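Here are my notes on the structure, as numbered points. They cover the ring contacts, the core and the contact between the chains.

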2 protein chains.
Amino acid sequence: VTRSEEPETRREQILAGAARAIARNGFDHVRLRDVAAEAGVSVGMLQHYFATREQLGREAFAYVCRARATRFAEAAVGATTSWDRIELYLRHALDWSDVSDRARTWLDLASAASRDPLLREQAALSFEIWREPLETAITDGVSNGEFAPVVPPRAAVDALLALIDGTEVRIVADTVDSGDVVNQALDTALTIARLLLQVGEPSGAPTPQTQAESSR
Amino acid sequence: VTRSEEPETRREQILAGAARAIARNGFDHVRLRDVAAEAGVSVGMLQHYFATREQLGREAFAYVCRARATRFAEAAVGATTSWDRIELYLRHALDWSDVSDRARTWLDLASAASRDPLLREQAALSFEIWREPLETAITDGVSNGEFAPVVPPRAAVDALLALIDGTEVRIVADTVDSGDVVNQALDTALTIARLLLQVGEPSGAPTPQTQAESSR
């Protein structure tokens with residue numbers, strides 16, 4: 001079989017279409033023809049690139065995660081201090097327009113991952129991709145004296161990620177206004193990050209324990 | 001139609017069976033005959049009580065939520081201070097044996113709720129049931145001077161619930177050891193609760209701001 005021209009572009013076009021179709025119908029309900037229609041290609045073309053519905057689903061999931069990780073890396077470019085990086089990360093993760101798109105796909109796939117070991121490996125990779133920028137920022141902040149965490153850095157990372165994921169659960173499953181949920185969650189997540197990390201100046205000097213409280 | 005003897009018992013027997021079948025197969029994949037087999041009744045008997053698969057699913061969801069709320073209320077009986085109630089709540093919510101059963105059903109139904117308005121109403125009710133004991137404990141703790149929260153009480157409640165739900169996402173979708181995830185999440189959630197609520201003695205006197213930190 002001869003590959004068509006620009007296979008990566010066509011491949012990405014299909015994956016982007018699959019991501020949209022999954023977001024709308026749910027992973028368990030999406031059909032190849034929905035993806036083909038969304039991507040603007042024939043079912044035959046789609047099957048040329050992806051042997052099975054499951055393979056397409058897994059690759060679409062990985063594609064969405066990579067695209068988000070790239071946007072996250074770009075979001076942190078303007079940051080100077082470690083705290084700035086964490087604040088930008090949280091603002092980006094709990095940005096209303098982005099989180100509402102993301103929540104349904106992510107939780108749909110997290111739920112499907114509980115019954116599919118290959119999907120679960122993709123989900124685990126996604127947790128690592130999300131963890132990395134936070135973990136690096138915290139490690140750097142501890143090194144330069146900006147942070148004096150009251151919990152192990154990895155526990156702080158996991159708690160902030162859990163706050164983000166738990167907020168996504170509420171966005172998909174509660175009937176309250178999602179914009180309000182996200183705005184409040186961002187404020188609280190920033191407060192929790194300041195308290196857990198005991199944020200001070202990147203001076204190398206020890207930070208007074210009450211800094212986070214007294215500055216509020 | 002004459003109801004069989006002990007209809008509430010039979011009804012609950014079916015709902016408990018449905019809850020187990022949904023936990024194993026996922027809401028989107030569960031069939032009436034799976035539920036009938038799990039509950040030890042015929043499909044005809046099941047249809048006598050529940051007109052449709054959707055009605056059964058929604059009632060099974062509500063049943064599980066009520067059963068959990070009852071266990072939560074019982075868990076708080078031995079608590080004396082408001083902080084004790086919050087600590088018992090978090091220990092119960094992040095108890096390894098309980099959370100692992102709960103996570104899959106809850107996230108499966110949360111995911112299905114994103115595409116089903118009636119399921120979403122049930123999920124919203126579940127958020128309220130979970131919120132109530134935490135909100136009451138925090139309100140009481142503020143009244144008796146035990147807590148001096150650094151965020152609005154409702155924001156503290158939502159953050160603690162998001163931590164629990166986000167930990168459940170990780171339990172179903174990550175490949176790391178779930179027991180370790182839950183143990184660390186409990187430690188961090190207790191620390192975050194102490195920091196957000198600025199826990200002191202239930203004396204009515206204002207609490208020093210550094211209490212939560214200096215006691216660690």
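Predicted model: local features only at pLDDT ≥ 70, side-chain atom pairs only at ≥ 80, totals over all residues.

1. B:R170 sits over the face of A:F127, 5.9 Å from the ring centre.

2. Between chain B and chain A the count is four salt bridges.

3. How many residues of chain A are in contact with chain B? The contact involves 49 residues of chain A and 49 residues of chain B. The size of an interface is often given as the accessible area lost when the parts come together. Here chain B and chain A bury about 4,100 Å² between them, and 60% of that is on carbon and sulfur atoms. On the chain B side, B:R115, B:R120 and B:A173 supply 13% of the area buried against chain A, more than any other three residues.

4. Over all chains, a search of the whole structure gives four aromatic pairs. One of them involves A:F127, the ring under B:R170. The centres of the A:W106 and A:F127 rings are 5.3 Å apart and the planes stand at 75°; with over 60 degrees between planes as the cut-off, the pair is therefore edge-to-face. A:W106 belongs to helix α6 (residues 96–113) of chain A and A:F127 to helix α7 (residues 117–143) of chain A, so the pair ties together parts 21 residues apart in sequence. A:W106 and A:F127 are both buried.

5. In chain B, B:Y89 and B:W130 make an aromatic pair that is edge-to-face, with 6.2 Å from centre to centre and 90° between the planes. Because B:Y89 is in helix α5 (residues 82–93) of chain B and B:W130 is in helix α7 (residues 117–143) of chain B, this pair ties together parts that are 41 residues apart in sequence. B:Y89 and B:W130 are buried.

6. Which residues touch the most other members of the largest nonpolar core? They are A:I86 and B:I86, in a core of 142 residues. Neighbours within four places in sequence aside, the contacts of A:I86 are A:L134, A:A137, A:I138, A:F147, A:A193 and A:L197.

Note on methods:
Residues numbered from 1 in each chain as written. Chains lettered and ligands numbered in written order. Heavy atoms only, no water. Phe/Tyr/Trp six-rings, centres within 6.5 Å; stacked < 30°, edge-to-face > 60°. Helix = DSSP H or I, 4+ residues; strand = E, 2+ residues; numbered from the N terminus. Buried < 20%, exposed > 50% of the residue type's maximum accessible area, 1.4 Å probe, protein only. Lys NZ or Arg CZ within 6 Å of the ring centre and 35° of its normal. Core = buried A, V, L, I, M, F, W, Y, C linked by side-chain atoms within 4.5 Å. Contact = heavy atoms within 4.5 Å. Buried area = accessible area lost by both parts, 1.4 Å probe. Salt bridge = Lys/Arg side-chain N within 4 Å of Asp/Glu carboxyl O.
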